[in-house]
Amino acid sequence: MVARNDTIAAIATAPGRGGVAVIRVSGPDAFVVAERLTNKKPQVGRVQFVSFRGTDDRRQAPADPCGPLILDEGLLLSFKAPHSYTGEDVVEFQCHGGTVTPQRILAACLAAGARLARRGEFTERAFLNGKLALDQAESVLDLIDAKTERAADVALKGLTGQRDREAQTLYEQAIDISSEVEHALDIDEGELPESFLTSLAARVEELKDSLRSALVRAREGKILREGALVVLAGPPNAGKSSLMNALLGEHRAIVSEVAGTTRDSIEEWLDLDGWPVRLVDTAGLRETADAIEAEGVRRSERLIEKAAVVVELGSADAVRQPAADRREATITVVSKCDLLSASARRDATDSQRLFVSAKTGEGLDALKQAIVDKLVKRAEAFDEEQSMESRAAAYHEALSLLTSDAPAADLVLLGNALHRACEILGAEFGAVYSEDLLDRLFSRFCVGK
Ligand SMILES: Nc1nc2c(ncn2[C@@H]2O[C@H](COP(=O)(O)OP(=O)(O)OP(=O)(O)O)[C@@H](O)[C@H]2O)c(=O)[nH]1
Ligand SMILES: [Mg+2]
């Protein structure tokens with residue numbers, strides 16, 4: 001991937017109907033493109049009211065003797081390098097939204113010499129021109145994708161460099177201890193103050209605590225970014241679809257007294273106390289001869305395996321016990337609790353079960369809280385997850401180096417472990433980037449960003 005000298009253009013706003021759209025142009029010819037479209041010299045630091053004109057071919061067409069085709073009226077904003085998002089000359093056109101006008105203005109930009117931008121190319125240029133660090137570039141994407149305020153807050157921490165500073169602080173903490181150990185290795189053991197080893201052990205423990213908290217934050221970040229899969233499961237007619245609707249506060253899934261109503265899974269986003277949750281209603285689990293329903297059941301089972309949290313519904317006497325490996329992730333719910341008599345309810349009460357009624361709303365808040373609690377626990381559980389993002393993996397690795405290989409009494413071992421931990425932490429905010437990593441990151445962006 002190399003910095004290019006051409007000029008790129010793209011529609012920066014989401015497609016579809018909207019009041020205003022923004023077309024962004026970046027590169028050495030950005031101002032030329034703007035002048036050809038608006039017939040005005042771009043002026044930095046001013047908002048210019050302009051008419052956007054079509055391409056020259058159209059103006060010269062004999063069939064159109066009335067001069068240039070006006071595509072729209074709107075605003076022109078101009079930024080001179082390096083004081084722009086990308087660090088290059090940038091112009092932004094604000095025009096009316098919708099499907100046609102932004103596309104026509106984009107086409108006019110291309111006819112005026114710009115090239116259509118690839119996904120993420122604006123942010124990639126910002127990175128290559130030193131306007132954004134890698135973590136910040138990644139955070140731009142997270143901010144765009146954020147589904148809850150909490151997720152947006154985490155992305156902003158990355159964008160403003162707070163996450164890099166966190167890695168840097170940990171690195172410095174490790175370097176400090178490491179240099180003390182090096183020093184201790186250089187001098188005679190007899191010259192070390194008596195308290196040296198005790199205070200060293202305490203500082204290593206402090207560093208491990210900091211690493212642990214950073215790891216929890218990094219893992220929360222992953223859940224906040226990607227959302228957590230929460231699956232409603234249970235036998236047919238248990239009230240899964242009704243519960244889905246009650247949690248969403250809308251009639252999203254079809255509910256009926258016929259067992260086997262839901263055949264395919266239904267998915268919606270839900271904001272639970274800031275945690276973005278992918279809530280999925282599934283086909284009821286049962287043996288069935290119906291081929292379509294059987295496929296639905298298979299899909300439910302696959303979803304249950306992947307879920308961060310499984311909400312298992314059943315009547316008081318029929319709640320299935322979750323498989324051993326899914327127990328941590330499962331919340332057991334007695335649904336339709338409004339139908340239970342007082343005595344049946346007493347019999348079924350145990351601390352592991354939540355009584356919930358989609359009809360009366362009883363227990364809904366407790367269920368939401370239980371889901372959030374599971375998500376927090378999941379962020380705190382260190383080992384079980386396979387796919388850790390790079391920063392969490394780095395913190396995890398540094399932590400395990402200091403835990404397993406470094407008895408504080410053996411200074412040589414501790415010194416080695418600290419050395420390796422410093423390398424790992426340093427790479428988290430340092431300048432060690434691989435091209436592959438960059439290509440993978442920027443291709444996840446939308447065009448125009
Ligand atoms: N009294 C009462 N009835 C409920 C409650 N929740 C669901 N029902 C009823 O139970 C029946 C089944 O509800 P659904 O939500 O369709 O159940 P489901 O688990 O999605 O069923 P399948 O999609 O067939 O697997 C419907 O007649 C609902 O009206 C509840 O909290 N209280
Ligand atoms: Mg259903």
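This is a short tour of the structure, stop by stop, with something to select at each one.

Before you click, note that this is a predicted model, in which local features need pLDDT of at least 70, side-chain atom pairs count only at pLDDT 80 or more, and totals for chains, interfaces and linings use all residues. Residues are numbered from 1 along each chain as its sequence is written, while chains are lettered from A and ligands numbered from 1 in the order in which they are written.

**The whole chain**

Start with the protein chain in cartoon view: it has 15 helices and twelve strands. Helices here are DSSP runs of H or I with at least four residues, strands are runs of E with at least two, and both are numbered from the N terminus. Of the 449 residues, 37% count as buried. Buried means 20 or more other C-beta atoms within 10 Å of the residue's own, exposed means 12 or fewer, and partly exposed is in between, with C-beta atoms placed from the backbone.

**Two helix pairs**

Select residues 162-186 and 411-429, which are α7 and α14. Their axes come within 8 Å and cross at roughly 155 degrees; the axes are lines fitted to C-alpha atoms over the stretch in contact, and angles run from 0 to 180 degrees between N-to-C directions. The two helices are therefore roughly antiparallel, a label for angles over 145 degrees. Their contact brings together 17 nonpolar, five polar and three charged residues. For these classes, Ala, Val, Leu, Ile, Met, Phe, Trp, Tyr, Cys and Pro are nonpolar, Asp, Glu, Lys and Arg are charged, and the others, Gly among them, are polar.

Next, pick α4 (121-128) and α5 (134-145), which pack at about 160 degrees with their axes 10 Å apart. This pair is therefore roughly antiparallel too. Show side chains for Thr123, Ala126 and Phe127 of α4 and for Leu134, Ala137 and Val140 of α5, which make the contact; being in contact means C-beta atoms, placed from the backbone, within 7 Å. By class, that gives five nonpolar, one polar and no charged residues.

**Around ligand 1**

Now centre on ligand 1. Which of the 22 residues around ligand 1 come nearest? They are Gly239, Ser241, Ser242, Thr262 and Gly284. To be near, a residue needs its C-beta atom, placed from the backbone, within 6 Å of the molecule. The shell divides into six nonpolar, eleven polar and five charged residues.

**Arg286**

Select Arg286, in the loop between β9 (275-281) and α10 (291-306). Arg286 has 14 C-beta neighbours inside 10 Å, so it counts as partly exposed. Leaving out residues up to four places away in sequence, Arg286 touches Pro235, Pro236 and Val297.

Most residues other than glycine have a negative phi, and most peptide bonds are trans. Here are some exceptions to look up.

- Asn39, in the loop between α1 (30-38) and β3 (47-53), has a positive phi near 65 degrees. Asn39 counts as exposed, because it has 12 C-beta neighbours inside 10 Å.
- Asp273, in the loop between β8 (266-272) and β9, has a positive phi near 55 degrees. With 13 other C-beta atoms within 10 Å, Asp273 is partly exposed.
- Ala81 to Pro82 is a cis peptide bond, with omega near 0 degrees. Pro82 sits in the loop between β4 (70-79) and β5 (90-96).

Methods. Angles under 35 degrees count as roughly parallel, over 145 as roughly antiparallel, 65 to 115 as roughly perpendicular and the rest as oblique. Two residues are in contact if their C-beta atoms, placed from the backbone, lie within 7 Å.
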